Amino acid sequence: MALRPVSWLWERLSGWQQDQVAAAAKAELSQMAGLGVAAERAPRLLADRLTDRLAETGGEALIKKPFGWLIGRGLVRRPSCSDRRCDNGTRLGTGGACGNCGNVVHLRRARRARTVAEIDRELPHLGDAERRRVLEERLREHATAEAEDLVWRQEQARADKARRAAARATDQERAKDERAAAAAAETVRQALACEDCGQQQAGGLCEACGYRRRTETLIVEAGMVAATWSADLADQADIDTVTADVRASLAADIERARRAFLDSAPPGELDADPIGAAAVLAFGALRAVEAALPEFRSSALGRLGQAEEACAEARRAFRPAAPTPARGAERGRRTRLVTRVRGRLPHPRENGGPDTGPSPVDRRKTGSKHHLICDGRGTPLKVITTAANVNDVTQTLALVDGIPPVAGRPGRPRRRPDALLGDKGYDSNPNRDALRKRRILPVISRKGCPNIKGMGKLRYVVEQTFALLHHFKRLAVRWERRTELHDAFVSLACSLICWRRLKKTRT
């Protein structure tokens, strides 16, 4: 279908030339698909392009070299501006006129009018022919300057690209050298003998000796914990006696674990692999000490809690104040005075702070919710924090009105998008009317109706932005009672997301 307008030229080609033209046509169709053109529309657009090129040439009869004309002129896309979707003033995605080309024409006309005004102001005595000649010279000079500036910017872009490629190659080479150095250091370390038992190729410390060191550390800790409540801390001999008793008790536990393992091991297996058997026995000893250590800790805490000093401190800290009867209590009315504990109310204040409410998806737990609006690439533009039970539709206009000025293209920074996409949670006719008054096209699914086809492919970016935002643990769970503090962390997270995207784009 795409090559139907040039069927007569196709018959004049050889077999090899037909293959080359077919490959070029497929490449153009795939390029159109990459520019957002639907697959069913791409062949028709390519056929229209060939028809227009034939009309420019004057028909198939005037083409003397069909293969060269098809490869070099007929199938080639001719952008009239810097937009990649432009094809000779036509936008490939929509089939209409290219808006960027219109801007270019408008700028050229404005430049021509400005140049004419300058000539009339500087040289008012010129005639029409001389005036036209001066105008053409100045426009030609301006075009030459623009061409030179374009060439310079292209050279700068190529130089920057080459510099980035060189830096990337240098970084890759440095990383490769660092990995090689790390691998060599690891090889040397693995060749070292064990510091404790002398085993070769142990990396400085074999597995069994590593378990033994950890076991010894836990035994010393258990002895110190037991000495805190059962020994006189001013008497070193008493402390040594307690730690020796604890060591003997743990040694008995280790011996029982060792005998249990030896009894369960198949005969001859330990002799076949003595290094592995030693590591297994050392690990069993470590597990036995780890199992006994919590008992020592709980015993120490219980004994310390029953000490006279601890009881006295508890009585001093939690001594209740004597209640004072309120005036009017004698007349049978309920007193409004409550007992205080060291200047504080006995009951804490209510959980949560402002902008919190029962969550409808988490068993009515108190929480907050983030409402977010982003652009088509997922860049966050505005985030609002409300209670968890606030409906999404109530924040639609607040999000739209809170979009900051977005600069980039020539002209004033934009504060309003062309369209607003939303799911059924934002279904509201008053909001649609308000968006239309702001010259924004609402694309929002209606409740009780089928979803808009393809909406999920367009709205997944906001879910991705939510995932990036809640990747920061400080925002996934709200810990700040004051909303302004939480909003400050939200702003910082949005700034980090934008900075990472900008950094990725520049690199």
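This is a predicted model: local features need pLDDT of at least 70, side-chain atom pairs count only at pLDDT 80 or more; totals for chains, interfaces and linings use all residues.

Trainee: How do I read a helix, and what should α16 span?

Mentor: Helices (H or I, at least four residues) and strands (E, at least two) are DSSP runs, numbered from the N terminus. The expected span of a helix is 1.5 Å times one less than its number of residues. The 24 residues of α16 should therefore span 34 Å, and the end C-alpha atoms are 35 Å apart, which agrees.

Trainee: Which residues of α16 are buried?

Mentor: Buried means under 20% relative accessible area, exposed over 50%, and partly exposed in between (1.4 Å probe, protein chains only). An α-helix has 3.6 residues a turn, so residues three or four places apart point the same way. In α16 the buried residues are T483, H486, V490, A493, C494 and I497. They pack against β4 (366–374), β5 (380–387), α14 (455–470) and α15 (473–476).

Trainee: Which residues make the nonpolar surface patch?

Mentor: Patches are made of residues with over 30% relative accessible area and no salt bridge; like charges are joined within 9 Å, and nonpolar side chains (Val, Leu, Ile, Met, Phe, Trp, Tyr) within 5 Å. Accessible areas come from the Shrake-Rupley method with a 1.4 Å probe, and for residues only the protein chains shown count as cover. Here F489, L492 and L496 make a patch of about 240 Å². L492 lies in α16, which covers residues 483–506.

Trainee: Now the sheet: in what order do the strands come?

Mentor: Strands of a sheet pair through backbone hydrogen bonds, either parallel or antiparallel. Two strands count as paired if DSSP finds at least two bridges between them. In this open sheet of three strands the order is β3-β4-β5, with antiparallel pairing. β3 (357–358) and β5 stand at the edges with a single partner strand each, so one side of each is left without a neighbour in the sheet. Seven bridges join β4 to β5, and S368 stands opposite A387 in β5.

Trainee: Is F296 buried or exposed?

Mentor: F296 is buried, at a relative accessible area of 18%, and is found in helix α10 (residues 274–305). Contact means heavy atoms within 4.5 Å. Leaving aside neighbours within four places in sequence, F296 is in contact with A222, V225, A226, V246 and L250.

Trainee: How many salt bridges does the structure hold?

Mentor: A salt bridge is a side-chain nitrogen of Lys or Arg within 4 Å of a carboxyl oxygen of Asp or Glu. The structure holds 29. One of them joins E290 and R214 (3.9 Å, N to O). This pair links distant parts of the chain, with E290 in helix α10 and R214 in helix α7 (residues 207–230), 76 residues apart. E290 is partly exposed at 33%, and R214 is partly exposed at 45%.

Trainee: Which residue forms a salt bridge with K369?

Mentor: That is D392, with the closest N and O atoms 3.3 Å apart. K369 is in strand β4 and D392 in the loop between β5 and α12 (396–401), 23 residues apart. There is also a network of salt bridges linking E130, R133 and E137.

Definitions and conventions:
Residues are numbered from 1 along each chain as its sequence is written. Side-chain values use heavy atoms; hydrogens and water are left out.
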